[in-house]
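Please find below a colleague's note on the structure under review.

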Amino acid sequence: MTLHRFYIEPDRWDPARLILDEAESRHASEVLRLREDDLVSVFNGEGDEIHARITQQGKRSTTLAAESHRCHPAPAVRIGLAQAVPKGKNMDLVLQKATELGAARIFPLLTERTVVKLDAAEAADKQEKWQRMVIEACKQCGQNHLPQVHLPQSFESFLTDLPQAELRLIAALTPEARPLHAWLPDPSSRPASALLLIGPEGDFTPVELAAALASGFLPLTLGPLILRTETAALAALTITAYELDR
């Protein structure tokens, strides 16, 4: 039986006293029409999942009684996605599918050719919206490790303070780009973390590409065809997760 899933923040997570916040309570009562004694699933985004029964239903809060507790181990490979923000709703698609594919961290980037422009307030609003979106994606796909969506930042700022990763890859169309297995000559030793860098519509500028390569990114080919930025992100995530986790 598939249970409706709800999210409880780690700082509010108490298996002895599980309480849904107002937003989740309203969704449970008004949208899903759940009632007392119904069985649901709750998770905290850090691997913990509890099957619980509703004991007190309200619009502002819902109290649950735990029935079974399971801790899901973190993925063996921690993959980050640094994505140049595409126009329209394509970033929403990237976030949803990246969550389904197991991305641990998502870094929205504003590059020279990025159509989307954000000031500080707009960037903070976007981060909040996108974080809510990956929570919803986790609820839908059964992911119990919540990806962290970072504040949108410039490409230069991202390279200045690079996140830690054992393997850094940039999707590229240059002659030097190689398939992932070519960058992994030792099959017995796989990196435990990777960072994927995906450009905008029109790709990175030559200056940006050179800066990324100088920062330790390896040029990764995704095949002979020119992919849309959202397609490239999902292809790179799929290939990397498969190659590093097998």
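The points that follow move from the overall chain to helix packing, aromatic pairs and individual side chains.

1. Overall chain. The model is predicted, and the note should be read with that in mind. The protein chain comprises 6 helices and 12 strands. Its C-alpha trace spans about 60 × 45 × 30 Å along the principal axes. Of its 246 residues, 45% count as buried. Among contacts with a separation of 6 or more, 73% are between residues 24 or more positions apart.

2. Packing of helix 2 on helix 6. Two packed helices are described by the angle between their axes and by the distance between the axes. Helix 2 (residues 90–100) and helix 6 (residues 229–245) pack at an angle of about 10 degrees, and their axes are 9 Å apart. An angle under 35 degrees counts as roughly parallel; helix 2 and helix 6 are therefore roughly parallel to each other.

3. Residues of that contact. On the side of helix 2, the contact is formed by Asn-90, Leu-93, Val-94, Lys-97 and Ala-98; these meet Glu-230, Ala-233, Leu-234 and Leu-237 of helix 6. By type, the residues of this contact divide into 6 nonpolar, 1 polar and 2 charged.

4. Which residues of helix 2 are buried? They are Asn-90, Met-91, Asp-92, Val-94, Leu-95, Ala-98 and Thr-99. The cover over these buried residues includes strand 6 (78–84), strand 7 (105–110), helix 3 (120–141), strand 8 (148–149) and helix 6. Just after helix 2, Gly-102 adopts a positive phi of about 95 degrees.

5. Tyr-7 and Phe-43. The structure holds 3 aromatic pairs. In one of them, the ring centres of Tyr-7 and Phe-43 are 5.4 Å apart and the ring planes stand at 50 degrees, so the pair is tilted. Tyr-7 belongs to strand 1 (residues 5–7) and Phe-43 to strand 3 (residues 39–43), so the pair ties together parts that are 36 residues apart in sequence. Tyr-7 counts as buried because its relative accessibility is 9%. Phe-43 is buried as well, with a relative accessible area of 0%.

6. Phe-155 and Phe-204. The rings of Phe-155 and Phe-204 also form a tilted pair, with their centres 5.2 Å apart and their planes at 40 degrees. The pair links distant parts of the chain, 49 residues apart: Phe-155 lies in helix 4 (residues 155–160), and Phe-204 lies in the loop between strand 11 (193–198) and helix 5 (206–214). Phe-155 is buried at a relative accessible area of 2%, and Phe-204 is buried at 6%.

7. Charges over rings. What sits over the ring of Phe-43? The charged end of Arg-5 sits there, 4.4 Å from the ring centre. Phe-43 thus has a ring partner in Tyr-7 and a charged end over its ring. Elsewhere, the charged end of Arg-178 sits over the ring of Trp-183, 4.5 Å from its centre.

8. His-69. This residue lies in strand 5 (residues 62–71). His-69 is partly exposed, with a relative accessible area of 47%, whereas Phe-43 is buried. His-69 and Phe-43 are 26 residues apart in sequence, and their C-alpha atoms are 9.8 Å apart in space. Leaving aside residues up to four places away in sequence, His-69 touches Pro-15, Asp-48, Glu-49 and Ile-50.

Technical notes. Residues are numbered from 1 along each chain as its sequence is written. This is a predicted model: local features need pLDDT of at least 70, side-chain atom pairs count only at pLDDT 80 or more; totals for chains, interfaces and linings use all residues. Side-chain values use heavy atoms; hydrogens and water are left out. Axes are lines fitted to C-alpha atoms, for helices over the stretch in contact, and angles run from 0 to 180 degrees between N-to-C directions. Helices (H or I, at least four residues) and strands (E, at least two) are DSSP runs, numbered from the N terminus. Angles under 35 degrees count as roughly parallel, over 145 as roughly antiparallel, 65 to 115 as roughly perpendicular and the rest as oblique. Contact means heavy atoms within 4.5 Å. Ala, Val, Leu, Ile, Met, Phe, Trp, Tyr, Cys and Pro count as nonpolar, Asp, Glu, Lys and Arg as charged, and the others, Gly among them, as polar. Rings of Phe, Tyr and Trp (its six-membered ring) pair if their centres lie within 6.5 Å; planes under 30 degrees apart count as stacked, over 60 as edge-to-face and the rest as tilted. Buried means under 20% relative accessible area, exposed over 50%, partly exposed in between (1.4 Å probe, protein chains only). A charge sits over a ring if NZ of Lys or CZ of Arg is within 6 Å of the ring centre and within 35 degrees of the ring normal.
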